[in-house]
Amino acid sequence: MSRCSINNPQHSAELEPAIRLNLLVLRCQEPETSKQFYELLGFRFVEERHGDGPIHYASQVAGMVFELYPLREGESVDNTRLGFSVPDLGEIVANLETVSRHARADEVVYIAQDPDGRKIELRELTT
C-alpha cells in the first residue's frame, strides 16, 4: 500500500483542482467556549438553528463553512487535528493559555489546544 505525501508536488497538483474543503463541523462540549477560542483566531460566528436541530455557531471563510455544534448525548469529542494560517500570529499566541512553539524548516509553527482538547496548528498567514 502506498503512502500519500503532501510534499509530493505531482500528487498535490493531481488533487488540487478536484477537491475543495467547503464544510467543517466540530462537535463541542461547550459551543460558547469553543466559539470564543476560535474567535481569537479570527473567525466570526453567527448563531443558527436548522428546523428543530440544535442551536449552533457558523462562520464562513474563503468559501468554507465552519460550524460548532453541541455534542449529542453520550457522544465523545473526536481527535481531529486542525491547522490554520492566521494573520497576527504573535498577537493570537499571546492570548492563548496553552501553546507550544515548534521550528519547522524556515517557519515557526505553534500548537494550541481548543477547549475540547483538539490540537490546533497555527502558522503565520503569508501572501
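Which helices and which strand each supply at least two residues of the lining of the largest pocket? They are helix H2 (31–40), strand S5 (82–86) and helix H3 (89–94). The model is predicted: local features need pLDDT of at least 70, side-chain atom pairs count only at pLDDT 80 or more, and totals for chains, interfaces and linings use all residues. Residues are numbered from 1 along each chain as its sequence is written, and side-chain values use heavy atoms, with hydrogens and water left out.

**Largest pocket**

- The volume of the largest pocket is about 580 Å³; a pocket is an open set of points on a 1 Å grid over the protein atoms alone where a 1.4 Å probe fits, with protein on both sides within 12 Å along at least five of seven lines.
- Its lining (residues with an atom within 4 Å of a point) comprises 22 residues, and Phe43, Gly83, Phe84, Ser85 and Val86 lie nearest the centre.
- S5 gives the largest share of this lining, 5 residues; strands are DSSP runs of E with at least two residues, and helices are runs of H or I with at least four.
- The lining has 13 nonpolar, 4 polar and 5 charged residues, with Gly counted as polar.

**Sheet**

- Four strands form an open sheet in the order S5-S8-S7-S6, with mixed pairing; two strands pair if DSSP finds at least two bridges between them.
- S5 and strand S6 (99–104) are the edge strands, each pairing on one side only.
- S6 and strand S7 (residues 107–113) run antiparallel and are joined by 6 bridges.
- Arg101 stands opposite Tyr110 in S7.

Definitions and conventions:
Points joined across faces, edges and corners; volume = space filled by probe spheres on them.
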